[in-house]
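This report covers packing, aromatic contacts and selected backbone angles in one model. The sequence and coordinates come first, and the notes follow.

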Amino acid sequence: MGKVAFVFSGQGAQYSGMGKSLYEHSAAAKNVFDTAESIRPGTKDQCFSGTLEEISITKNTQPCLFCVDLAAAEALREAGITPDMTAGFSLGEVAAVTFAGIFTTEEGFSLVTKRGEAMQAAAEQADSAMAAVLKLPNEKVEELCRMHQSVFPVNYNCPGQLVVAGLKTTLPDFLSDVAANGGRAVPLNVSGGFHSPFMESASARLHDVLETMDVKEPTVPVYANYTAEPYTKGTAKELLTQQVAHPVRWQQTVEKMIEAGVDTFVEVGAGKTLCGLIKKTSRAVKVYNVEDAETLSAAAQAIRAEGENA
C-alpha cells in the first residue's frame, strides 16, 4: 500500500445538517464541535440545523466547515487511520494545518473565524462572484481573463476545470466569450471573488492576526495552496496570508502528492467535491470521503483492509 493523504473540504461544500452524525458517534469529533461552541456560541446549531442560506454567508461558512473538516479528520484518527501528508482546499487549509499541529483546535478555530469575517468584509467591498470554467485548457481561460477587466483565474481544480473570480458587472461578457470558445461555465455557491485581488484587504487583516499567534511546526507534511509544495520551517504565517488573495493550485498539489507516493486520498469534511477533482486528475489513485458516521466506518474499514492486503 502507498501513502495516505487527508484532504480537507473547502467553501461551497456546505449543507444543512453537516457534522451532526459525526458529533453523535465520535468523541473526538464531539470535542472539536464543543471547543468551537465555547469560542463562538451558535456554531453547532448553524451546522446541524441552520438553513443553507445562513451557512452560505462567508462569516458563517468558514467556521462551520472548519469544524466539520477537523471533526471528520479527528474521528478518522480516533478510528486508527492516520495520514502521511495533508492538504486543504482554501479554508480547508486552516483545518489541515490545525490537524497537523501548527495550531491548537482553539487557535485554528479562532483564526478561521477571523478569516471568514475578513473575507466577508472584503467581498462586501466589491460586488464579485466566481464561476467554474469547464472544457477549456487553462491557457485559454487565462487568455480570456486577460481580455476582460477585473476577471482573474483563481482555482486550478483539475484538468479542464479552472475557476475564475470577477466583478458581477464584467463576468457576463467573459462567460459569453467562454461559450463562444466552446467552454461551459457553472456559477459557484460562494459570496465573493475569493483568491483574487478582491481579497487583498482580507489578506492584510489575516497577516495582522497571524502576527499575534504562536505557530508550531507541523507533525505531518502539509501542502500549501499558494505554492503546491509542503510547508517548510517558518513559512506558515506567510503561506496562510498569501493564499487568501492568490490562486489555489489544487491540481498541482494533488499531482505533487501522488509524486510523493500517495495512492489513497481521503476527503474529510462536507461533501465529495475534492474526490471528484482528484479522480479527474488521476484515475490511478483511490478516493474516499468522510463526512458522517457511515462514511467514517466505510473509509476506515477499506483503508485498514488495504493495509492488511499490502
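## Surroundings of S196

Leaving aside neighbours within four places in sequence, S196 is in contact (heavy atoms within 4.5 Å) with F152, V154, A165, V244, A245 and H246. S196 lies in the loop between β6 and α10; helices (H or I, at least four residues) and strands (E, at least two) are DSSP runs numbered from the N terminus. With a relative accessible area of 1%, S196 is buried. Buried here means under 20% relative accessible area, exposed means over 50%, and partly exposed is in between, with a 1.4 Å probe and protein chains only.

The model is predicted, so local features need pLDDT of at least 70 and side-chain atom pairs count only at pLDDT 80 or more, while totals for chains, interfaces and linings use all residues. Residues are numbered from 1 along each chain as its sequence is written, and side-chain values use heavy atoms, with hydrogens and water left out.

## Nonpolar cores

A nonpolar core is a set of buried Ala, Val, Leu, Ile, Met, Phe, Trp, Tyr and Cys residues joined through side-chain atoms within 4.5 Å. The largest one has 75 residues, of which F6, L76, M199, Y231, V266 and V268 touch the most other members. Helix α5 (residues 58–78) gives the most to this core, with 11 residues. Apart from this core lies another, of 17 residues, and V7, V248, V262 and L277 are among them. In soluble globular proteins, nonpolar side chains tend to be buried together.

Not counting residues up to four places away in sequence, L76 touches F6, I81, V266, V268, V290, L296 and A300. C64 lies in helix α5 and is buried, with a relative accessible area of 0%. With the same exclusion of residues up to four places away in sequence, C64 touches M18, R40, T43, Q46 and C47. C64 and V112 are 48 residues apart along the chain, and their C-alpha atoms are separated by 9.4 Å.

## Aromatic pairs

The structure holds eight aromatic pairs. Rings of Phe, Tyr and Trp (its six-membered ring) pair if their centres lie within 6.5 Å; planes under 30 degrees apart count as stacked, over 60 as edge-to-face and the rest as tilted. F33 and F48 form a tilted pair, at 5.2 Å centre to centre and 55 degrees between the planes. F33 lies in helix α2 (residues 27–39) and F48 in helix α3 (residues 43–49), so this pair ties together parts that are 15 residues apart in sequence. Both F33 and F48 are buried.

F152 and F198 form an edge-to-face pair, with 5.6 Å centre to centre and 75 degrees between the planes. This pair links distant parts of the chain, 46 residues apart: F152 is in strand β4 (residues 151–158) and F198 in the loop between β6 (184–187) and α10 (200–211). F152 is partly exposed, at a relative accessible area of 25%, whereas F198 counts as buried at 14% relative accessibility.

## Ring cluster and charges over rings

Ring pairs link F6, F8 and F99 into a cluster. R77 lies over the face of F99, at 3.9 Å from the ring centre. R249 lies over the face of Y156, at 5.4 Å from the ring centre. A charge sits over a ring if NZ of Lys or CZ of Arg is within 6 Å of the ring centre and within 35 degrees of the ring normal.

## Helix α14

Helix α14 (residues 293–309) has 17 residues and reaches 24 Å from its first C-alpha to its last, close to the 24 Å expected at 1.5 Å a residue; the expected span is 1.5 Å times one less than the number of residues. Its buried residues are A293, T295, L296, A299, A300, I303 and E306. Seen down the axis of α14, these fall within an arc of 165 degrees, so they line one face of the helix. The arc is that of the directions from the helix axis to the C-beta atoms.

The face of α14 turned away from the buried side carries the exposed residues E294, E308 and N309. What covers the buried residues of α14 includes β1 (3–8), α1 (20–25), α5, β8 (262–268) and β9 (286–290).

## Positive phi angles

Most residues other than glycine have a negative phi, and most peptide bonds are trans. S150 is not a glycine but has a positive phi of about 60 degrees. S150 is placed in the loop between α8 (138–146) and β4, and counts as partly exposed at 22% relative accessibility.

A228, a residue other than glycine, has a positive phi near 60 degrees. A228 is found in the loop between β7 (222–223) and α11 (236–243) and is buried, with a relative accessible area of 0%.
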